[in-house]
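Please consult the sequence and the structure while reading.

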Amino acid sequence: MTTKEVNFTVHHVARVEGHGNIIVNAKDGKIEECKWEIPESPRFFESMLRGLDYRDVNFIAPRICGICAVAHATASIEAAEKAFNVKLTEQAQLVRQLLFDAETVTSHVLHTYFLVAPDFFGVGSVIPLAATHTDVVLRALRLKKVANDWADMLCGRKTHPISQVAGGFVKWPTIEQLKWLKQALEGDYMKDLEITVDLFKTLKFPDFVRETEYIAITKPDEYAFVSGSTGMIGSSDAKPTPVNDYLKVTNEFCVPQSTAKWTKHLRESYQVGALARFNVNYDRLHPRAKKVAQALGIKAPCYNPFFISVAQLVEIMHAVENSIMILDKLLSKGIKQEKPEVKVKAGRGVGCVEAPRGILFHDYTFDDNGKLIAANIIIPTNENHNSIQHDFEKLLPEVIDQPQDKIKLTMEMLVRAYDPCISCSTHMLEVKFKE
Amino acid sequence: MKPRVAFFDFTGCEGCQLEVLNFYMEVVDLIGAVDIVEFREASSDHSDEYDIAFIEGSQSTQKDVERLLKIRERAKILVALGACSCTGGVNALKNRFPMEENLKLVYGDAAKYYNTIPIKPTDAYVKVDAYIPGCPPIRGEVVRLVKCLLTGKKFEPYKDPVCAECKLNENICAFERGEYCLGPVTRGGCNSVCVNAGRKCWGCRGPVDEPNVNAEKELLARYGMTVDDMLLQLKLFNGALEVSK
């Protein structure tokens with residue numbers, strides 16, 4: 001019998017936001033080491049936001065992540081609103097949701113086309129595809145450009161947002177802008193999405209299954225992205241938990257190999273993100289999004305993490321349809337020049353939204369003057385580390401007989417599927433490299 | 001040979017790289033004019049050979065500093081991209097507290113496993129040849145810089161304060177709305193984007209070369225605001241720079 005050694009370290013997995021390493025050592029099919037490590041430098045947001053006025057906190061918090069800045073901004077603003085007991089008008093809720101849909105769509109387009117798709121074309125990035133698959137790249141750019149303009153129009157700038165504040169918006173979109181967006185989404189955007197679905201039908205995702213617990217915001221009447229006053233923390237395994245009790249769900253803990261602060265709820269790990277939302281809230285998807293799911297062969301519950309990208313595509317369709325409905329409402333009612341009203345008081349609030357990559361919590365305590373005393377922020381990527389590690393442990397034995405390069409690519413693809421956003425991560429442990 | 005361009009991310013949100021990615025693909029001429037040899041957020045292709053290095057983010061561990069020194073040795077031209085690299089950006093907010101306190105507060109008993117150093121601008125460690133300020137940087141400025149580098153022209157930073165552009169945009173002065181605006185002392189070039197969107201200037205592009213501190217103080221006095229509050233405002237994006245009354 002020949003000895004076969006599989007031995008590699010992927011240092012700083014590419015096409016993910018932030019830094020992560022994969023370490024694998026195996027001999028004769030026996031796995032000695034299989035680890036997902038995080039060397040990202042901690043940033044201490046929870047410490048450094050102390051003493052700042054809530055408005056500055058809301059403006060600085062999006063700097064946690066360049067890709068999901070709107071999600072962090074919204075969670076941060078919602079935490080302040082809940083602490084000060086600010087009630088949003090219907091118009092503010094609608095425009096916030098419309099902005100959040102833009103966040104979901106831009107991030108998912110970036111992830112599916114720019115970060116995931118190159119693996120299926122056998123290239124290192126989207127750049128060489130510009131020459132070989134010009135139509136695909138141009139379509140991706142169109143989808144991304146419109147979604148960026150859509151967000152810029154509502155918050156001044158997607159990275160980093162400006163005009164969304166506690167209590168609503170300091171600048172409202174005009175009727176002309178809303179009409180432009182409706183026309184764009186109903187017209188060419190929808191066509192491009194349909195072609196995208198056709199493209200994804202042809203991609204073959206690795207055949208892998210690991211059932212775990214799935215956690216996502218849940219609301220009775222919508223496929224929710226912003227918790228607002230009625231959202232709760234839904235689970236595939238249990239009854240919903242109130243947002244204020246999020247610590248009972250996240251249960252952060254340190255692990256012996258100390259790669260990060262991990263989380264678990266009722267099982268060995270839980271997953272958050274597009275697939276978790278799809279599994280928890282499938283019945284509340286827009287009918288057209290359900291059709292996309294059907295066309296792409298994904299059914300809830302789905303236990304293959306590689307299908308997170310497919311669930312993202314389903315969510316793009318949902319977000320676009322949802323936005324068209326919101327636009328119809330806003331256009332029929334007209335836009336009122338409402339001024340956000342906030343009266344600060346001492347208190348605590350937990351903001352909770354579905355960032356593109358999963359459930360996100362900003363928990364703030366303020367003093368009488370609206371200055372921040374304490375903050376706790378739990379980001380989705382950290383919640384998924386434990387799930388990635390458990391996927392690795394099940395996946396590696398299943399592919400160990402394949403050539404090393406293939407194993408390496410499959411494991412990198414798994415990490416990318418989770419769409420990790422590691423620079424967001426607020427609770428990280430230092431790790432040693434095995435070079 | 002085309003100039004080889006590399007992007008390196010240190011501690012930050014990677015929003016600068018995202019901004020570059022957002023518009024880079026739209027500017028087809030640039031794609032042809034340079035070779036991107038390192039851009040980890042968007043590409044798994046990788047190289048240690050490059051002419052122009054863009055530094056994004058802050059150096060927050062000794063290991064980061066060592067990595068930066070190595071990049072400086074290899075690069076002909078080193079560009080600080082974005083507020084974190086140019087001025088320390090929001091990362092320097094942690095400098096307001098002792099590092100032990102930051103560690104203890106966020107990591108509790110596990111604090112001993114971490115290390116972190118106070119934030120300095122990138123040019124505190126290495127020579128920086130050009131600065132693209134802002135959080136995030138303005139897209140057009142990155143294009144202007146690359147054009148200058150390609151044609152051998154000197155890249156001149158924007159000279160006037162945000163206030164000048166803001167007036168041209170006919171915005172109502174943020175001071176009139178009771179806001180602590182840093183527009184009078186902050187480097188322009190952003191087209192006063194934050195005031196246009198209904199807010200104020202937070203100073204993310206760093207101080208203008210010769211800030212009119214007296215004008216700022218006069219405004220504070222006129223609108224009944226304190227220098228201490230303004231100094232805290234200055235620390236939001238410029239905490240790593242010397243700030244004096």
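## Angles and confidence

Axes are lines fitted to C-alpha atoms, for helices over the stretch in contact, and angles between N-to-C directions run from 0 to 180 degrees. The structure discussed here is a predicted model.

The mean pLDDT of chain A is 90, and 92% of the residues of this chain reach 70 or more. Over residues 423-435 of chain A, however, the pLDDT is below 50. Beyond near neighbours in sequence, this stretch has 68 contacts in the model.

## The four-stranded sheet

One open sheet of chain A consists of four strands in the order β8-β7-β6-β11, and its pairing is mixed. The edge strands are β8(A), residues 241-242, and β11(A), residues 270-271; each of them pairs on one side only.

Within this sheet, β6(A) (residues 213-218) and β7(A) (residues 232-235) are antiparallel and are paired over four bridges. Thr218(A) stands opposite Met232(A) in β7(A). Helix α9(A), formed by residues 274-281, lies across β6, β7 and β11 of chain A and runs at about 75 degrees to β6(A).

## The three-stranded sheet

Another open sheet has three strands in the order β1-β2-β3 of chain A, with antiparallel pairing. Its edge strands are β1 and β3 of chain A, each pairing on one side only. On average, neighbouring strands of this sheet are turned by 5 degrees against each other, direction ignored. In general, strands of a sheet pair through backbone hydrogen bonds.

β1(A) and β2(A) run antiparallel and are joined by six bridges. Glu5(A) stands opposite Lys27(A) in β2(A). Helix α12(A) packs on this sheet, where it touches β2 and β3 of chain A, and its direction makes about 155 degrees with that of β3(A). Helix α13(A) also packs on the sheet, touching β1, β2 and β3 of chain A; its direction makes about 40 degrees with that of β1(A).

## Helix α13 and its surroundings

Helix α13(A) covers residues 404-417 and has 14 residues. From its first C-alpha to its last it reaches 20 Å, close to the 20 Å expected at 1.5 Å a residue. After α13(A) comes Asp419(A), whose phi is positive, near 55 degrees.

Which residues of α13(A) are buried? They are Ile407(A), Thr410(A), Met411(A), Glu412(A), Met413(A), Leu414(A), Val415(A), Arg416(A) and Ala417(A). The elements covering these buried residues include β1, β2 and β3 of chain A, together with α4(A) (90-120), α11(A) (308-333) and α12(A) (380-399).

## A hairpin

β13(A) (residues 358-366) and β14(A) (residues 372-378) run antiparallel and are joined by six bridges. The two strands form a hairpin with five residues between them, and Gly370(A) in the turn has a positive phi of about 80 degrees. His362(A) has Ile377(A) as its bridge partner in β14(A). Strand β14(A) is mostly covered, with five of its seven residues buried.

## Nonpolar cores

The largest nonpolar core has 170 residues, of which Tyr189(A), Ile298(A) and Met411(A) touch the most other members. Apart from this core lies another, of 15 residues, among them Ala6(B), Phe10(B), Cys86(B) and Val126(B).

Leaving aside residues up to four places away in sequence, Ile298(A) touches Leu275(A), Phe278(A), Ala293(A), Phe307(A), Val310(A), Ala311(A) and Val314(A).

Terms used
Residues numbered from 1 in each chain as written. Chains lettered and ligands numbered in written order. Predicted model: local features only at pLDDT ≥ 70, side-chain atom pairs only at ≥ 80, totals over all residues. Heavy atoms only, no water. Expected span 1.5 Å × (residues − 1). Buried < 20%, exposed > 50% of the residue type's maximum accessible area, 1.4 Å probe, protein only. Contact = heavy atoms within 4.5 Å. Pairing = 2+ DSSP bridges. pLDDT = per-residue confidence, 0-100. Core = buried A, V, L, I, M, F, W, Y, C linked by side-chain atoms within 4.5 Å.
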